[in-house]
There are 2 protein chains.
Amino acid sequence: MANAETCATAAQFSSPELAELLNREMRRRWSTVGERTEQMAGYALLAPGKMLRPMLLLASAEATGGDSSRLLPAALAVEYLHVATLVHDDIVDDDELRRGRPTVHTHFGVPDALVAGDFLILNMVSTLLECTAVRPAALLEAARVLATAGSDVCRGQVREAGMVGKLSCSVDDYQEMVALKTGALFRGACRAGAILGGAATEHVEATTRYAEHLGVGFQMFDDLLPYLAVTPTTGKPATSDVANLRPTFPVLVGYQSARDADRHRFTEALSGRMPAADSHRLMRELLITTGALELSRTRAAEEIAKARESISNLPGTAAVDLMLTIADLAIDRNR
Amino acid sequence: MANAETCATAAQFSSPELAELLNREMRRRWSTVGERTEQMAGYALLAPGKMLRPMLLLASAEATGGDSSRLLPAALAVEYLHVATLVHDDIVDDDELRRGRPTVHTHFGVPDALVAGDFLILNMVSTLLECTAVRPAALLEAARVLATAGSDVCRGQVREAGMVGKLSCSVDDYQEMVALKTGALFRGACRAGAILGGAATEHVEATTRYAEHLGVGFQMFDDLLPYLAVTPTTGKPATSDVANLRPTFPVLVGYQSARDADRHRFTEALSGRMPAADSHRLMRELLITTGALELSRTRAAEEIAKARESISNLPGTAAVDLMLTIADLAIDRNR
């Protein structure tokens with residue numbers, strides 16, 4: 001019996017099966033017909049995504065000894081929140097493409113897309129609360145965790161906007177911003193999953209530490225991608241960060257370790273005064289010569305190692321394996 | 001004892017005292033200094049408002065026999081949701097003033113204001129969940145009610161945008177839209193208040209009916225205001241509705257009862273081809289000659305009478321009195 005159960009869990013907890021399960025449930029709930037508000041939500045949610053955050057929620061429940069089979073609504077809820085931030089981000093940046101298709105506001109116009117984002121946030125709440133098989137106190141706690149995570153994402157977005165063009169901001173400030181903007185939702189997904197699954201406090205904390213390190217490592221590597229890949233795998237152009245004057249992790253690390261002459265060239269590369277392709281080329285050269293590129297890659301790998309270590313003692317081995325795989329993927333997107 | 005208690009409740013449940021209590025709590029929680037995200041939320045929340053929805057939540061708890069003293073966070077939560085929709089509405093309409101001050105996006109820029117709206121929605125959830133003295137099942141139910149109310153507001157906003165310039169839409173469609181856009185939050189506030197106060201089902205339903213009629217009557221009268229007042233009390237210019245090509249309640253009632261020649265003039269008034277002041281003057285004349293103005297006023301008063309009737313048998317007399325006063329104010333804003 002124990003063996004059979006482990007097999008079933010192992011099968012379910014491979015990444016492609018879980019993503020398919022989540023996508024199927026998404027398609028069951030949403031379509032691109034019907035009332036316009038639902039259409040927009042369906043349009044945003046049914047674009048093929050990695051379902052990373054919902055997977056983390058389900059895996060955290062299983063890894064900490066819980067049963068994830070009744071937590072599908074909670075997993076979708078996290079994705080609603082994530083997609084809501086993407087819909088609103090795309091309006092702010094006026095990006096035309098997302099996941100290979102026109103963005104929601106490009107397709108439906110800005111006013112309705114703005115409302116669609118709000119609608120997704122509110123659906124996050126009602127969908128999470130569908131998990132009525134969960135103990136009410138745990139469900140309330142998970143709702144608190146996810147709402148706080150969402151607020152933290154907002155704080156991070158506002159801080160990021162305030163850092164544009166500022167090479168003078170410290171690496172610490174940047175890391176704090178990233179912990180909010182990117183880390184908070186990973187953290188919320190893992191914590192909520194563990195809490196909903198009824199995990200012991202030390203196991204909730206273990207998945208939380210995992211998520212925090214994963215978030216930092218994920219974003220550090222994301223920041224490196226434009227300067228690493230010949231063909232970038234992020235879906236955004238390699239020049240996007242310099243074009244938007246974003247002082248990302250390797251840039252700040254490089255700037256802070258650079259001598260005066262090089263600092264001047266960093267400033268030039270992030271000034272917006274050169275064509276984006278030239279800025280990008282100069283920045284890449286600076287990151288290589290200052291050693292910032294290599295240092296950042298090492299730092300990202302260290303965070304991922306810490307993420308892996310955090311969950312080494314959790315009881316649900318199949319789900320832990322999935323969480324380890326997700327951690328590895330965070331610093332090797334071509335896998 | 002019973003007498004003393006009634007007095008205390010009666011004193012607390014007059015509108016100015018309650019509004020002051022709510023505003024004081026708002027000032028205790030928010031300021032316009034500190035982190036930028038909190039600054040924006042504080043800026044939006046500390047503008048002097050009527051606090052209608054929070055008052056309805058507290059009054060519904062008391063009117064149905066509950067104790068509202070521990071529900072202050074829930075009352076604020078409803079206001080957060082309301083203000084979030086205002087912040088986003090102002091972005092969409094690019095309105096520069098709200099409650100006599102620059103709107104959030106005028107003051108802080110569109111990107112950050114958009115995030116501030118999201119932040120307020122998420123704070124709605126976490127603040128509601130501060131009501132830990134409430135039974136968990138009731139708290140979960142109230143969270144469901146408010147999230148659904150918020151989703152309904154979104155649906156209503158999208159429907160309203162789809163009706164712009166359309167004199168052909170039916171009065172029924174319009175009323176459905178209003179029940180979502182305006183009514184849902186009144187309904188959510190009253191229902192959540194009654195549920196959080198531990199009301200019996202029939203009392204929850206009574207406050208719900210009250211809120212539904214109040215919402216319809218409130219919006220009908222709001223639609224009339226530009227054509228009634230010499231000095232409008234809504235804060236928006238009297239020409240705003242025709243300038244934005246909105247087929248409001250009296251306009252649809254008038255159009256549908258008009259003969260062909262008058263229909264042509266309605267179309268002209270809502271075409272956007274005339275200066276707004278001329279359109280407004282023509283529309284006002286049409287609403288008077290077709291009798292639509294008088295009919296709409298009667299219909300609004302009927303809704304308010306039904307709202308009043310719905311709560312006539314509730315036990316908490318002082319709070320019921322406040323709810324009756326709020327209902328009367330809905331069709332007489334100069335009181």
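Mentor: This is a predicted model, in which local features need pLDDT of at least 70, side-chain atom pairs count only at pLDDT 80 or more, and totals for chains, interfaces and linings use all residues. Residues are numbered from 1 along each chain as its sequence is written, and chains are lettered from A in the order in which they are written.

Trainee: By a turn of how many degrees can chain A be laid on chain B?

Mentor: The superposition is by least squares on the C-alpha atoms of residues with pLDDT of at least 70 in both copies. It gives an RMSD of 0.0 Å with a shift of 0.0 Å along the axis, and the turn is 180 degrees. The two copies are thus related as by a two-fold rotation axis. In chain A, the C-alpha nearest that axis, 3.0 Å from it, belongs to Pro136(A).

Trainee: Which helix of chain A gives the most to the side that touches chain B?

Mentor: Counting residues as in contact if their C-beta atoms, placed from the backbone, lie within 7 Å, 34 residues of chain A meet 34 residues of chain B. Helices here are DSSP runs (H or I, at least four residues), numbered from the N terminus. Elements giving two or more residues include helix 3 (36–45) and helix 5 (72–93) of chain A. With 16 residues, the most is given by helix 8 of chain A.

Terms used. Contact = placed C-beta atoms within 7 Å.
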